[in-house]
Amino acid sequence: MNLTENAIKVLEKRYLAKDENGNLTETPEMMFRRVAKTVASADKDYVDEKELAEIEERFYNLMTSLYFLPNSPTLMNAGRPLGQLSACFVLPIEDSMEGIFDSVKNAALIHKSGGGTGFSFSRLRPKGSSVKSTGGVASGPVSFMKVFNAATEAVKQGGTRRGANMGILRVDHPDILEFITCKQNNEDITNFNISVGITEEFMKAVEEGREYDLIDPRTRKKAGSLNAREVFDLMVEMAWKNGEPGIIFLDRLNRDNVTPELGEIESTNPCGEQPLLPYEACNLGSINLSLMLKETDKGPEVDFDKLREVVHEAVHFLDNVIDVNKYPLPEIDKMTRGTRKIGLGVMGWADMLLKLGIPYDSEEAAELAEKVMSFIRDEARKKSMELAEIKGVFPYFDKSIYKDKNIRMRNATTTTIAPTGTLSIIAGVSSGIEPLFAISFIKKVMDNVELVETNPIFKEVAKKRGFYSDELMKKIAQNKGSLHDIEEMPEDIRRVFVTAHDISPEWHVRMQAAFQKFTDNAVSKTVNLRHDATQEDVRKVFLYAYKLGCKGVTIYRDGSRESQVINFGKEKSKAEKQADTTAKTKIIPRPRPDITLGFTEKVKTGCGNLYITVNYDDEGICEVFTNTGRAGGCPSQSEATARLVSIALRSGIDAESIVEQLKGIRCPSTIRQRDVKVLSCPDAIGRLIEKVMNHQNGNGKAHVLSDSFKYPAEVAEKIPRPGGHVCPECGQPMEHESGCVMCRSCGYSKCG
């Protein structure tokens with residue numbers, strides 16, 4: 001197998017089986033054999049033993065060649081006791097306390113099994129509605145989102161996959177303004193991606209600048225109205241500030257709902273690419289496009305014969321996954337087997353373009369995207385029809401649009417463009433249909449040694465063209481991985497090797513729309529914007545996605561989640577003024593870190609001994625604790641001072657300014673004592689903070705101290721990292737892509 005060092009590291013950490021002591025018990029080849037054998041076993045009632053062995057071998061070769069990989073739960077769990085092979089599910093939330101907490105329980109079971117969940121909160125009655133059974137009032141969808149968020153936080157998934165959720169609210173729900181602003185503070189509802197479910201009626205109202213009706217989901221009656229353009233502008237502003245909410249075009253999801261008699265599509269999975277009916281699960285896998293090429297006299301070309309063969313094998317594989325899967329709930333088992341939806345997608349798209357010498361942001365690339373994806377969709381459907389002749393159509397076929405068209409399908413849907421964060425690391429290629437995030441980047445390894453990692457395709461071209469050097473690669477890395485301002489770079493190379501931030505927002509959307517045109521389900525992609533992008537740029541992205549036929553869109557402005565969200569008293573729109581108090585201007589302290597280091601000092605005051613602890617993490621000094629000795633004193637006053645100082649520190653107030661305010665405060669009981677070296681308890685607190693700062697090179701940061709003090713390994717991996725823009729497990733830069741956040745160094749993914 002041609003696995004990179006990084007791929008092996010990720011497999012060993014997250015995928016390969018281990019014994020009870022954490023020792024590896026299988027190799028990558030053994031893992032792929034385990035998966036191939038398990039998935040092939042679904043054919044045992046249709047073929048003899050010899051042919052079954054041949055199917056297993058084909059599945060094994062499909063994966064070990066890295067032509068195709070199924071989603072992570074299939075690699076992790078196939079052939080093992082858990083046996084849960086799906087990455088994502090959609091659960092309904094009924095408008096009752098019993099229904100809500102049934103969904104909380106079901107979500108916990110899914111997260112425990114390694115899956116992510118999507119929810120629509122649109123059925124819940126709005127905040128302030130009457131509750132007849134108790135005589136009280138409803139707290140609204142956002143309050144219950146926080147319940148689901150807390151439950152997700154509590155469920156640990158054995159260190160392999162983390163719980164992730166998608167929360168959707170219809171734009172015509174009376175609580176829509178509170179929902180739009182519910183993640184304004186980056187520390188709130190951290191286990192959710194949120195998207196507004198937008199209707200065609202709303203978008204028409206936006207275009208016309210008029211009001212639209214809000215509908216009470218319980219009574220189905222009008223419950224007020226809002227100006228559509230102002231609500232749209234609020235979505236734009238929040239997305240510009242920290243990337244959320246995204247938008248989902250609900251009417252488009254249901255236009256392509258192939259089983260409308262089974263119900264309406266209300267939600268998607270956590271990254272937005274898989275619209276599902278309540279209790280459906282996704283079965284996803286991706287073809288490695290970078291390997292679907294052949295050399296010709298004219299240079300490299302797409303090898304459509306090879307691609308056809310891989311598509312057919314992959315559809316067979318994913319259809320079998322449905323049969324060998326152990327679903328976490330009986331309702332999911334029934335529904336997923338009833339529609340048999342699969343989602344075959346791609347990865348390595350950017351690498352394919354680089355090998356072909358085609359710029360990502362070009363008409364040629366968009367045309368090739370349509371050609372490749374239409375071919376994949378057509379061949380996937382052909383294979384699904386072939387399987388239907390052998391094994392029968394999906395059980396809910398009579399409730400589908402296919403019955404009247406006389407098209408016998410084994411699977412209700414066949415194609416989806418999913419994020420492939422960790423899978424693309426295993427395959428050693430670019431993620432999904434995303435452009436490269438960086439041509440070259442600096443990676444820190446043990447003892448803070450810096451290594452420069454460079455895209456292998458660029459490295460090969462650079463060496464062939466004679467301009468490769470270690471110094472140039474480092475220069476590119478220091479230029480945020482872009483060739484944009486590297487003057488010594490040949491112009492044709494600079495044009496082809498573009499990165500996410502080199503590409504205009506319009507071209508991000510163009511590429512998403514090109515793939516969406518020939519995809520049954522939806523496309524997971526992030527429109528990456530530069531830090532200096534404006535709200536108008538975000539507005540254009542949303543409108544362009546609507547115009548070009550996308551089913552949803554997610555944006556991320558570089559660095560936006562790493563800065564405190566503050567409104568400096570600008571005039572609010574009518575829509576903003578009606579928003580919940582969470583949208584009002586305020587500075588909210590970051591949560592207390594789970595792990596800190598610090599100093600404790602005993603100080604003699606006029607009231608007795610005072611024990612002061614000053615703690616810090618990688619963002620700087622973050623808290624102060626005080627405790628008085630047996631002699632008593634004024635513990636309430638010193639505790640109050642410590643609490644207020646802690647809040648100020650975690651709200652971003654400069655530690656030096658705090659010291660300046662505390663030092664010099666005098667207390668009569670202390671002044672009367674001759675051998676006391678401090679003026680008061682606050683003075684003592686200020687002096688110790690200053691001492692810690694001086695020990696840390698005067699900047700309140702822990703980096704100088706960290707160089708001399710080594711955290712134990714089990715502690716180091718849990719220490720929160722500054723700003724959330726680096727991986728919490730390995731400290732390397734995180735990438736926002738495909739509607740999620742992931743680390744290409746260790747495989748960590750916020751969305752699992």
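1. How many disulfides does the structure hold? The structure holds 1 disulfide, a term used here for a pair of cysteine sulfur atoms within 2.5 Å. Please keep in mind that this is a predicted model, in which local features need pLDDT of at least 70 and side-chain atom pairs count only at pLDDT 80 or more, while totals for chains, interfaces and linings use all residues. Residues are numbered from 1 along each chain as its sequence is written, and side-chain values use heavy atoms, with hydrogens and water left out.

2. The disulfide joins Cys88 to Cys282, with 1.6 Å from S to S, and the link is right-handed, with 120 degrees about the S-S bond. Because Cys88 lies in strand 2 (residues 88–91) and Cys282 in the loop between strand 12 (275–276) and strand 13 (284–288), the pair ties together parts that are 194 residues apart in sequence; strands are DSSP runs of E with at least two residues, and helices are runs of H or I with at least four, both numbered from the N terminus. Cys88 and Cys282 are both buried, which means under 20% relative accessible area, against over 50% for exposed and in between for partly exposed (1.4 Å probe, protein chains only).

3. His312, in helix 11 (residues 304–324), is buried as well, because its relative accessible area is 19%. Leaving aside neighbours within four places in sequence, His312 is in contact (heavy atoms within 4.5 Å) with Glu379, Lys383 and Glu386.

4. Two further cysteines deserve a look: Cys182 is buried, with a relative accessible area of 6%, and Cys622 counts as buried at 0%.
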